[in-house]
Amino acid sequence: MDINKIRADFPILSQQIYNRPLVYLDNAASTQKPRQVIDAIVKYYEHDNCNIHRGVHYLSVKATEAYEEARREVRQFINAKSTCEIIFTKGATESLNLVASSFGKQYVKAGDEVITSIMEHHSNFVPWQQMCLERGATLRVAGINPQGELDLDELKGMLNGKTRLVALTHVSNVLGTINPVKEIIALAHLHGIPVLIDGAQGVSHLPVDVQEMDCDFYCFSGHKMYAPMGAGVLYGKEKFLEEMPPYQMGGEMIKDVYLDHTTFNELPFKFEAGTPNVGGVMGLHAAILYLNGLGMENIAAYEDQLLKYATEKLSAINDIRFFGTSRHKASLVSFLIGNIHPYDTGMIIDKMGIAVRTGHHCAMPLMDYLKIPGTVRASFAFYNTFEEVDQLVAAIGKAREMLS
Ligand code: PMP
């Protein structure tokens with residue numbers, strides 16, 4: 001990994017803020033975009049822009065072909081069996097809402113149960129909670145141990161004949177914990193229960209092979225993997241997607257429309273109503289090529305070094321409390337310093353040029369469980385450096401002095 005060369009691909013990283021070099025450590029919220037992704041979007045709008053699937057003319061055919069080529073690239077990236085299992089969405093949130101709504105209608109009835117965990121982002125919690133409330137089903141929530149790892153025994157004990165789905169995050173956006181999803185999926189499948197994995201924090205840090213994992217659904221957002229906002233993916237096994245009803249109605253998702261009824265298009269188009277974000281998908285395609293160029297294994301290994309270095313250096317700060325100390329962790333650290341409110345820490349180090357996220361990180365049930373108002377979260381990408389970690393540690397030390 002030639003970090004200087006990599007950083008040169010990301011124009012935003014070379015700027016100064018408050019007369020200091022920007023240190024961007026908010027990658028779990030959204031990653032920055034390399035020139036290759038920005039160029040792909042510009043190229044699309046300068047040369048190829050057109051609505052897809054419906055036209056016979058040159059530009060429409062060209063844009064359609066590029067969109068379907070991107071779908072083939074996504075299929076390969078996560079090793080799905082077929083492109084009909086790759087549905088383009090706005091992002092992880094829309095993918096999760098699609099499954100909650102459509103899967104819920106098809107398979108969940110009063111008295112049934114859905115299992116999730118206390119470490120979920122609201123996007124993988126509220127849709128299930130609301131779907132269960134609507135359908136008279138029960139949402140069961142597995143807890144965590146003091147290291148911030150899923151309580152597997154509790155989760156195992158929840159699997160029963162009434163369970164219709166397990167919905168779990170691959171990687172926690174607060175704790176960094178990498179869940180043993182393959183083991184959990186195998187266990188749930190023994191009971192014939194399908195499993196959805198929220199991959200919003202997984203796909204940018206780890207190689208993902210949905211066939212090997214054997215998940216039934218996998219959701220992610222382009223903008224957390226160096227692609228633009230507004231383009232994401234739902235992977236689903238064909239047998240479920242075939243049986244599930246459409247999520248939104250409109251153009252493209254239909255086969256034939258009559259006055260009194262409608263027949264629906266084949267997969268994946270049945271779930272892609274309306275004009276999609278073609279430019280965004282062009283960016284997603286370019287981002288995957290960029291990630292493949294670096295190699296997901298190399299990215300994971302480098303980010304792991306950054307994580308270990310940051311954890312070690314931050315540990316030397318007095319009164320620091322980490323949230324999430326699993327041995328299987330993605331590259332983020334969540335912490336509090338003494339009784340200092342996380343917002344205060346975040347505001348002070350912002351003025352030193354350092355961008356971290358503070359607050360509940362869209363995980364209020366987890367904050368209640370931990371009995372804290374929020375955390376400071378620094379999340380690392382492959383373009384971050386050890387020097388930036390040093391700058392973070394020095395800034396946190398200064399903020400502590402100023403605030404305690
Ligand atoms: N799940 C997790 C674990 C996340 O971290 C996020 C974003 N913070 C989401 C889902 C939702 O992603 P988006 O807002 O891009 O739809």
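Student: Which elements each supply at least two residues of the lining of the second largest pocket?

Tutor: This is a predicted model, in which local features need pLDDT of at least 70 and side-chain atom pairs pLDDT 80 or more, while totals for chains, interfaces and linings use all residues. Residues are numbered from 1 along each chain, and side-chain values use heavy atoms, without hydrogens or water. A pocket is an open set of points on a 1 Å grid over the protein atoms alone, where a 1.4 Å probe fits with protein on both sides within 12 Å along at least five of seven lines, and lining residues have an atom within 4 Å of a point. With helices (at least four residues) and strands (at least two) taken as DSSP runs, the elements that each give this lining at least two residues are β4 (86-89) and α4.

Student: How much space lies in the second largest pocket, and which lining residues are closest to its centre?

Tutor: The second largest pocket holds about 250 Å³, the space filled by probe spheres set on its points. It is lined by 18 residues. Closest to the centre of the second largest pocket are F88, T89, K90, E94 and A273.

Student: What volume does the largest pocket have, and which residues lie closest to its centre?

Tutor: The volume of the largest pocket is about 420 Å³. Its lining is made up of 27 residues. Of these, the ones closest to the centre are A28, H121, N173, K224 and C362.

Student: Which element gives the largest share of the lining of the largest pocket?

Tutor: Both α4 (92-107) and β16 (357-359) supply at least two residues of that lining. The largest share is three residues, and these come from β16.

Student: Where does the cis peptide bond occur?

Tutor: P268 sits in the loop between β12 (262-264) and α10 (278-294). With omega about 0 degrees, the cis bond joins L267 and P268.

Student: What phi does Y18 have?

Tutor: Y18 belongs to the loop between β1 (16-17) and β2 (20-21). Most residues other than glycine have a negative phi. Y18, not a glycine, has a positive phi of about 50 degrees.
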